[in-house]
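Open the model in your viewer and keep the selection panel at hand. The tour moves from one selection to the next and says what to look for at each stop.

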Amino acid sequence: MLLSIRSLTKVFPGTRALDGVDLDLHAGEVHALLGENGAGKSTLIKCLTGAYARDGGVITMEGAAIDPRSTLEAQGLGIGTVYQEVNLLENLTVAQNLMFGREPRKWGLVDSRALRRQAQAVLGQYGLDIDVDRDLGSYPVAIRQIVAIARAVEISGKVLILDEPTASLDAREVAMVFDVVRGLRARGMAIVFVSHFLDQVFELADRVTVLRNGRRVASQPVAELTRMSLVEQMLGRALEEVVEAPHEGSEAAPPLLHFTGMGRKGVIEPFDLTVGAGEVVGLAGLLGSGRTETAELLFGIRPAQSGTARDANGDIVLSNPRTAIAAGFGFAPEDRKLDGIVGDLSVRENIILGMQAQRGWARPIPRGQQNKLAEDYIKRLDIRTSDREKPIGQLSGGNQQKAVLARWLAMNPRFLILDEPTRGIDVGAHAEILRLIGELTRAGMSVLVISSELDELVAVADRVIVLRDRRHVAELTGSAVGSDRIMQAIASEGEAA
Ligand SMILES: Nc1ncnc2c1ncn2[C@@H]1O[C@H](COP(=O)(O)OP(=O)(O)OP(=O)(O)O)[C@@H](O)[C@H]1O
Ligand SMILES: [Mg+2]
């Protein structure tokens, strides 16, 4: 056994985040760590890497007790970590990032030729042949992710921890990262893999440990598990069938918004789009195909250079997000970390923030109403928090995300754009969010959903628009909305449909 954890306990005020957790890691295995939002996965990892001081328990590495007090110390002991938000510097070069703190020197100065050569050699082991003198930020996320993994492995070399590493990658990029992970497994590393994507767990992991409410439910070989049994372990109850019935009457839905010839050079080719009242329109396509760019155009983040937006009352101005909000639009962006949360405000304050801004700060929402709204959304989205006054920064990642979604829902827009609304959100809440979208549209709200999970799009959308290379290339309606058809449209080359 490479590493073993016994009776690990971590207590935060009001929360027992980890309660006597055991975990064994073997050399040459990929060990998936699963559990609902707030189950304790990130906390376990932070205790292991010394980012948090644990309140109890013993960690042994190759038979000897270890007690890392910082991530640096953990690295020295052989434990490296890559988080979802790549913790590298985008405006340093690839080589600088890779060798940071260990630069080869000559006469006291960084030897940039040796630096380049060493960096190339390291990345060569991962089958990556890229220009290491370019800024890291100029590469796609998957490459950045692999550079981060390479750096962690170079520094540490025994245990590699990946906390939701694939959350913002498309299918091809996931395959790339998985190849790298398999190579490391073959070299005898132990890899801890945290993910909410069950398919990926079945594809990559050898063993799985499930956490629930800070306790270990089970550790078992993947081969002995079914998807259903895994989900039931995570939830601690049987999962109801969650398939949303197809939407009725979308044909009859009166058009609410007409976008004509909207485009922006180098961002998205001009497109036409009509959105019906109560309709769910899905946007499908690979990462970088122009889905997020479409959303940003519609919300005035990157305003259109051509085209018009109209509703029954005439032209709508979408020159910046403020005008879009005034027009009754809402946009929950993909990167909620960057945009969404205000870490030291409470859950309640984060939820009412949008409404309050809309109303104007001069007219504060009465406290009683704030409390009621917050309680309501905490319940509806099953936001796990000990109370509504807790600083949102102390919630688990998935629960922070739900609170940002609640903020937009509370503003009650007529047209809501959701960019990857279920990313990082566990299976139970996942189903709940899809159900909620159905409920909102039945009440008349129109929704534009961007999602990389085709099954999810098929379940929720009345109509799906497929993008490729920053163009709208196909539109599927009614019975044509199916994941096979979407895949075909994404993959097919050539003329626009
Ligand atoms: N710094 C902190 N202060 C107070 N409570 C915290 C802190 N960090 C985590 N918690 C609490 O500990 C519990 C476990 O959180 P953790 O982040 O480990 O969950 P997770 O399994 O990683 O969830 P997710 O899938 O949403 O990322 C949650 O109840 C969370 O609110
Ligand atoms: Mg987490």
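A polar contact is a pair of N or O atoms within 3.5 Å; within protein, one atom must be able to donate a hydrogen and the other to accept it, and residues adjacent in sequence count only if both atoms are side-chain atoms. This is a predicted model, in which local features need pLDDT of at least 70 and side-chain atom pairs count only at pLDDT 80 or more, while totals for chains, interfaces and linings use all residues. Residues are numbered from 1 along each chain as its sequence is written, chains are lettered from A and ligands numbered from 1 in the order in which they are written, and side-chain values use heavy atoms, with hydrogens and water left out.

**Stop 1: ligand 1 and its contacts**

Select ligand 1 together with Asn-37, Ala-39 and Gly-40. A polar backbone atom of Gly-40 is 2.9 Å from an oxygen atom of the ligand. For Ala-39, a polar backbone atom is 3.2 Å from a ligand oxygen. Asn-37 takes part through its side chain, with a polar atom 3.0 Å from an oxygen of ligand 1. On its own the ligand exposes 640 Å², and the protein buries 88% of that (areas from the Shrake-Rupley method with a 1.4 Å probe; for residues, only the protein chains shown count as cover).

**Stop 2: the shell**

Now widen the selection to every residue near the ligand, that is, with a heavy atom within 4 Å of it. This gives 20 residues, the closest being Gly-38, Lys-41, Thr-43, Ser-396 and Gly-398. Colour them by class: five are nonpolar, 11 polar and four charged. Here Ala, Val, Leu, Ile, Met, Phe, Trp, Tyr, Cys and Pro count as nonpolar, Asp, Glu, Lys and Arg as charged, and the others, Gly among them, as polar.

Which elements give two or more residues to the shell? They are strand S2 (15-25), helix H1 (41-48) and helix H14 (397-410). H1 has the largest share, with three residues. Helices (H or I, at least four residues) and strands (E, at least two) are DSSP runs, numbered from the N terminus.

Colour domain 1 (3-91 + 135-235) and domain 2 (255-491) separately: ligand 1 lies between them, because both give residues to its shell. The domain bounds come from an automatic or database domain assignment.

**Stop 3: helix H14**

Select H14 next. Its 14 residues reach 20 Å from first C-alpha to last, close to the 20 Å expected at 1.5 Å a residue (the expected span is 1.5 Å times one less than the number of residues). Of these 14 residues, 13 are buried (buried is under 20% relative accessible area, exposed over 50%, partly exposed in between, with a 1.4 Å probe and protein chains only). After the helix comes Asn-412, with a positive phi near 50°.

**Stop 4: the loop between S21 and S22**

Go to the loop between strand S21 (463-468) and strand S22 (471-477), where Asp-469 sits. Asp-469 is not a glycine, yet its phi is positive, about 50°. Is Asp-469 buried or exposed? It counts as exposed, because its relative accessibility is 65%. Arg-470 is in the loop between S21 and S22 too, with a positive phi near 65°. At 28% relative accessibility, Arg-470 counts as partly exposed.

**Stop 5: helix H5**

Finish with helix H5 (residues 141-155), where 12 of the 15 residues are buried. Among them are Arg-144, Gln-145 and Arg-151.
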